[in-house]
Amino acid sequence: MHAAPFEYHDPTSLDEVRRLLDRRGPRPALLAGGQSLLPALVARSSEPAALVDLGRIAPLRAIETTADGELEIGAMARYVDLQRSPLVRSAAPLLAAAAGLVGMRAVRTRGTIGGCLAFADPRAELPLALTVLGADVTVSTAEGEWRGPLDDWRPVARRREGDLLLRIHVPPAGPRDASAIRETAPLGRGFATAVVAVRLTGDEHGAIVGATVAAGAVAPTPIELPQVAAALRGRPLADPLGSEAAAVLEAELSALDPPSDLHAGGEHRRHVTTVLARRAIAAAARELRPEGT
Amino acid sequence: MASRTTHFACNGESVAITVDPRTTAAEAIREQLGLTGTHVACQTGVCGTCTVLVDGEPVRSCLMLAVQLDGSTVTTVEGVGADHADGLHPVQRAFVEHHSFQCGFCAPGFVLSTVALLEGDEPLDREVIRDALADNLCRCTGYQAIVDGATAAAERLGRLDPPAGGVDA
Amino acid sequence: MPDGIGERTTTIGAEIGRARPRGEARRAVRGEGGYVDDHGLPRMLHSVFVRSPHAHARIERIETTAARAMPGVRAVLTGADLRDEIAPIDFSTDIVGHRVPRFPALAEERVRFDGDPVVVVLAESRAQAADAAARVDVRYAALPCVLGVEDASDPSSPVLHAELGGNVVYDDPHDEHVYGDVDGGFRRADRIVRATVRSQRHGGVPLEGRGGLASFDRGTGELRYRVTAQSAHSVRHQLARHLGLDHQAVHVVIGDVGGAFGSKWSISREDIVVCAAARHCGRPVRWTEDRAEALRSAGSAREDLVRMEAAVTAEGDLLAVRAHVVMNQGAYPTAAPMPAIADLVRTTLPAALRLPAFAFRATVVASNKSPYFTYRGPGAVETLARERLLDAIAHELDLDPVALRLRTTITAAEQPTSMATGATLDRVTVRETLDRAIERIDLPAFRAQQRDGWSRGEYRGVGIVTSLQPNPAFADWWQSWGSMQEPEPVRLAVGPDGRVTVLISQAPSGQGHETTMAQICADELSVPFDAVRVVTGDSDRGAFFFFGTSGSGNAPMTAGAISVAARRLREQLEQAAAAVYGVASEGVRLRDGRFVLPDGTAVPLRELAEQVHLRPDRSPVSLFDLEVAHSFRRGPGGWWCATAACWADVDVELGVVRLERFLIVHDCGTMINPAVVRGQLQGGVAQGIGGALYEEHAYAADGRMVATDLHDYLLPRATEVPPIEVVHLDAASPVDLDFRGVGEGGAVIASAAVVQAVEDALRPFGARFDRLPLRPERVRAAIAARGTVEGQTGDEGA
């Protein structure tokens with residue numbers, strides 16, 4: 001319908017943001033791309049007393065690589081920035097691919113990686129990709145800056161009051177890395193019913209030497225599947241999921257209790273997650289196979 | 001709460017509007033600038049009837065605050081045909097010729113999404129166009145005529161690669 | 001003899017049959033359309049409704065003090081506040097067995113669905129109205145709710161309207177309509193085949209929600225209402241009745257409408273409240289509903305359960321069919337009576353089948369859901385049910401579904417004949433559309449590819465179904481339906497500048513009337529297209545016509561009316577010219593906007609018109625001689641006939657259906673504008689696809705609506721709707737004024753084609769479907785079960 005009233009601030013420096021977050025009174029909401037926050041404001045499911053707009057903080061938009069090749073992405077980098085950036089496409093193609101899966105172009109021109117991580121929708125693709133890529137985050141807190149694994153910051157219960165996500169750090173892809181992300185949604189696009197991301201590392205003999213597999217939409221946060229990953233190691237790229245690894249996949253997913261909603265029950269969700277995992281693994285393996293195999 | 005004045009360029013003119021910060025860009029465009037061609041239909045970014053161009057890129061004006069327009073260049077549907085013969089941009093003309101719309105409510109959003117697509121440099125064919133147009137909802141047409149119009153506009157503007165194909169209905 | 005027909009054959013002139021781009025399109029693409037929310041009035045107030053969050057509850061207390069004190073608020077009104085100003089809503093009918101409650105416009109002691117309007121807030125701005133609405137405090141005592149058709153049919157279910165004593169609001173008083181020897185047919189049958197179809201609650205959802213702008217002039221006592229609606233006179237009539245106003249004191253204007261599809265045919269309670277509020281406050285009031293509101297309370301349709309049994313021979317001939325339909329009205333009736341909708345099913349289900357005996361029964365139940373409205377092709381379940389029944393017969397008798405349809409569809413040689421219900425079937429070309437579709441499909445080649453695909457784990461299928469729609473059928477169909485076809489009035493007038501104004505009582509929402517009706521007038525009157533202006537949606541300018549824009553009536557009725565009126569006007573104008581220019585009238589011909597006189601000179605119509613209007617003293621004729629008013633009873637009659645084919649690809653692991661192609665071969669008699677016809681069919685098909693695969697107004701077990709935004713109510717996009725090929729059997733009929741309606745047929749026929757295509761793709765699994773939509777989970781479950789499956793998880797509520 002219409003948003004409730006709020007105080008609006010558009011600071012131009014991180015220090016100013018910090019002051020607004022640390023002052024006494026109700027914690028303000030942070031406005032990044034607004035693609036998730038605005039619907040909540042308009043529906044009045046969220047009624048913050050104050051809004052701090054991060055749009056004027058230029059450093060938060062930067063996408064850079066450090067000396068050791070690590071990708072450093074500002075929290076206000078948009079989905080389209082991730083899709084288009086040559087740095088992201090070469091160092092973390094999974095992230096660029098995940099960004100491209102977000103529903104609408106017009107949403108991708110405003111939505112940000114930081115907003116996505118903070119909103120933490122279980123169905124979202126970026127958090128899943130970052131889990132697979134083993135990303136770190138740098139967060140500004142009331143006590144100063146903190147850097148650590150995304151998985152340590154992700155659970156809302158573990159976040160400190162007044163956290164402001166600053167940067168996402170992604171280790172670079174190796175020369176023998178391949179990744180894939182697969183999802184299924186009630187329409188071709190929109191919130192995923194199930195989504196799986198995979199990263200494989202192959203060797204020159206056509207075998208898998210490293211694997212990370214994670215699923216979204218089946219739990220409140222992306223879930224890594226370490227048993228599947230372990231079962232993949234040593235498997236041939238030509239047939240990554242033989243019957244044993246496939247059985248491990250089924251077993252590991254059967255331990256989950258995926259949610260039910262209008263579009264899909266928990267059991268269906270689990271089943272299609274299994275299917276997507278198989279397809280994502282096969283796709284990544286195909287990419288790694290020495291030519292001609 | 002305290003009003004804010006926001007300055008931006010809209011359809012080639014400088015504007016300054018004073019708004020309650022909780023006003024969305026769509027609301028401000030419609031009610032303060034009187035540009036009612038931009039429509040609101042879902043308030044969740046799904047339908048695209050509120051699409052405008054901000055700094056050349058399509059955005060959902062219902063998911064932006066008016067104050068976020070500050071310093072930007074905005075194009076609404078009213079600004080698209082301005083410098084063209086008979087007030088119709090080639091995209092608009094193609095839509096008219098191909099019977100692309102029926103009730104017309106979704107038309108401005110499609111016009112802007114298509115203009116943005118054709119002004120970009122992404123290689124286009126009918127299927128890429130159809131996929132891009134999935135950004136906007138239409139409840140009346142079943143989309144064939146819209147894809148026809150957008151593809152014809154792309155061809156006219158030399159943006160099709162390879163040349164148009166598709167079902168003749 | 002239908003009036004005005006038979007004396008002259010329509011010349012398929014420059015306009016009729018021409019795919020002329022629509023003049024309305026220009027303002028659409030330039031953003032210059034005038035939808036309700038684009039209009040305002042000085043001192044206008046914004047209104048926001050406070051609605052029940054409960055499916056069923058008693059209202060114990062409504063506290064508005066805090067809301068009234070909020071900034072900018074001018075009034076906060078409850079049902080009690082408006083009791084003296086709005087009569088109880090009365091949509092009663094004289095249909096025997098139909099139970100219709102009366103209820104207040106704003107709910108007073110009870111709310112009956114999630115979204116039931118309780119309070120209206122009026123403030124200086126929309127934001128202020130929303131702020132105040134959030135401060136209205138209503139205390140409810142929740143009551144048990146009833147949702148599904150089976151539950152609502154149970155006499156022990158919680159009763160929604162105490163005055164009705166139960167939730168069955170219509171039970172066919174004849175117990176069963178029986179046509180022909182049904183019992184005998186079942187006795188003689190080789191096999192009895194049963195089928196059940198359960199269509200889900202969905203429908204409508206135009207992009208522009210409901211809304212209106214009301215102003216009341218205290219000086220003159222007149223109400224003006226600009227509204228997004230389908231009939232200006234229907235709205236005017238209901239406003240006058242419920243607000244105690246003189247009919248002539250109510251003026252309704254309908255400008256651009258952002259889609260309707262039947263959802264805006266009945267006046268809504270909010271329309272009445274907004275007008276009452278304008279009168280109460282002495283200021284204009286505007287209402288524009290938002291998406292959540294629209295999904296919760298604008299209404300829905302298609303929640304129908306059909307149980308059928310067919311008596312057949314071993315070869316597949318039909319001896320008799322029995323059908324029982326149960327429809328779920330929701331919590332309140334609308335101005336469109338549910339029994340009439342059920343009777344649409346009764347009178348169209350037999351379609352063009354060779355079916356000698358038919359028995360039908362309808363039941364309508366009330367439940368705690370939003371009201372059921374006349375969604376595009378309100379009886380559409382008849383096509384879904386019949387086609388599924390045919391598929392069940394084919395399955396049980398091990399017959400090819402297409403061959404069965406060829407066998408059981410009447411041919412031209414058998415006509416004229418009648419449906420078992422008595423309705424005449426003449427010039428019915430369903431069989432011809434089926435033949436043409438089969439030609440285009442190359443079924444043998446598809447079957448070979450299909451088998452090959454199955455062996456590689458690819459599942460593709462094709463569904464081929466037919467439909468027959470009474471758009472407009474013949475007079476005896478309307479008798480069998482139980483209603484009379486409402487004659488349609490039109491007025492044509494030549495103005496002082498020689499231009500022709502066509503005043504019709506339609507309110508288009510994208511059907512192109514401004515253009516198509518001008519095409520008709522231009523051809524029949526023989527004036528240039530650009531000399532004609534069509535005026536719609538104005539209760540002061542169009543003559544009284546309750547039906548408005550609905551029932552695919554524009555082509556058969558409005559076009560027929562304009563044709564006859566234009567022919568009369570042409571004669572009148574020729575006579576006027578003869579009188580004015582002093583020549584014999586037999587020698588005057590109006591051609592292309594000019595009078596060709598016996599001596600060969602040509603006088604523009606404009607000249608005559610100017611003289612008659614500006615120098616009436618010198619004119620032997622009056623301006624009324626340049627006008628015609630005509631009430632058109634009916635045209636030659638005819639059915640819309642079609643075959644639809646749908647190609648589907650199913651990802652059996654994910655349960656995802658992807659449609660590859662859609663074909664519709666149809667016969668609509670003479671086409672006025674082929675591009676408009678194509679657009680109507682393609683748009684209707686897209687909605688049928690939505691109904692088959694994606695859309696549902698879903699309720700949770702506690703009766704709250706689950707799908708309150710477009711992330712959950714799924715509308716198909718350009719990537720879900722495949723290329724839709726439209727083939728017209730013939731561009732023009734040899735029968736005069738044979739225009740048949742195409743507005744609804746696409747929506748009616750598409751769902752059945754999609755379902756059959758999916759079943760065809762999954763034949764190796766024997767998957768069967770009897771309920772919609774075909775969500776991935778349902779598809780997978782049917783594959784796993786290798787048969788029909790009821791009640792999956794993900795079906796919350798009923």
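How many salt bridges are counted between domain 1 of chain C and domain 2 of chain C? The last legend gives the count, and the views before it work through the other interfaces.

**About these views.** This is a predicted model, in which local features need pLDDT of at least 70 and side-chain atom pairs count only at pLDDT 80 or more, while totals for chains, interfaces and linings use all residues. Residues are numbered from 1 along each chain as its sequence is written, chains are lettered from A and ligands numbered from 1 in the order in which they are written, and side-chain values use heavy atoms, with hydrogens and water left out.

**View 1. Chain A meets chain B.** Here 32 residues from chain A are in contact with 27 residues from chain B (contact means heavy atoms within 4.5 Å). Together the two chains bury about 2500 Å², with 52% of it on carbon and sulfur atoms; buried area is the accessible area (1.4 Å probe) that two parts lose on being put together, summed over both. On the chain A side, look for A:Y8, A:R105 and A:R110, which lose the most area to chain B and together make up 24% of what that side buries.

View 2. Five salt bridges are counted between chain A and chain B, where a salt bridge is a side-chain nitrogen of Lys or Arg within 4 Å of a carboxyl oxygen of Asp or Glu. One of them pairs B:E57 with A:R78, at 2.9 Å from N to O. There are also 12 residue pairs in polar contact between chain A and chain B, both residues at pLDDT 80 or more. A polar contact is a pair of N or O atoms within 3.5 Å; within protein, one must be able to donate a hydrogen and the other to accept it, and residues adjacent in sequence count only if both atoms are side-chain atoms. The elements of chain A that give two or more residues to this side are β1 (7-9), α2 (37-42), β3 (50-53) and α6 (105-108); helices (H or I, at least four residues) and strands (E, at least two) are DSSP runs, numbered from the N terminus.

View 3. You will find B:R22 in the loop between β2 (13-19) and α1 of chain B. Why does B:R22 count as buried? Because its relative accessibility is 5%, and buried means under 20% relative accessible area, exposed over 50%, partly exposed in between (1.4 Å probe, protein chains only). A polar atom of the B:R22 side chain lies 2.6 Å from the backbone oxygen of A:A3. The side chains of B:R22 and C:D131 are joined by a polar contact of 2.7 Å. Leaving out residues up to four places away in sequence, the residues that B:R22 touches include A:F6, A:R44, B:L65 and C:A127.

**View 4. Chain B meets chain C.** This contact takes 52 residues from chain B and 57 residues from chain C. The area buried between chain B and chain C is about 4300 Å², and carbon and sulfur atoms give 55% of it. Six salt bridges are found across the interface of chain B and chain C. In one salt bridge, C:R126 pairs with B:E31, with the closest N and O atoms 2.8 Å apart. Polar contacts between chain B and chain C come to 28 residue pairs, both residues at pLDDT 80 or more.

**View 5. The two domains of chain B.** Chain B is assigned domain 1 (4-75) and domain 2 (85-156), with bounds that come from an automatic or database domain assignment. Their centres, taken over C-alpha atoms, are 21 Å apart. In chain B, 15 residues of domain 1 are in contact with 12 residues of domain 2. Between these domains of chain B about 960 Å² is buried, 64% of it from carbon and sulfur atoms.

**View 6. Domains 1 and 2 of chain C.** Among the domains of chain C are domain 1 (36-143 + 204-297) and domain 2 (145-202 + 301-377). The centres of domain 1 and domain 2 of chain C, over C-alpha atoms, are 32 Å apart. About 2500 Å² is buried between domain 1 and domain 2 of chain C, with 62% from carbon and sulfur atoms. Now for the opening question: the count between domain 1 of chain C and domain 2 of chain C is zero salt bridges. Across the interface of domain 1 of chain C and domain 2 of chain C, 13 residue pairs are in polar contact, both residues at pLDDT 80 or more.
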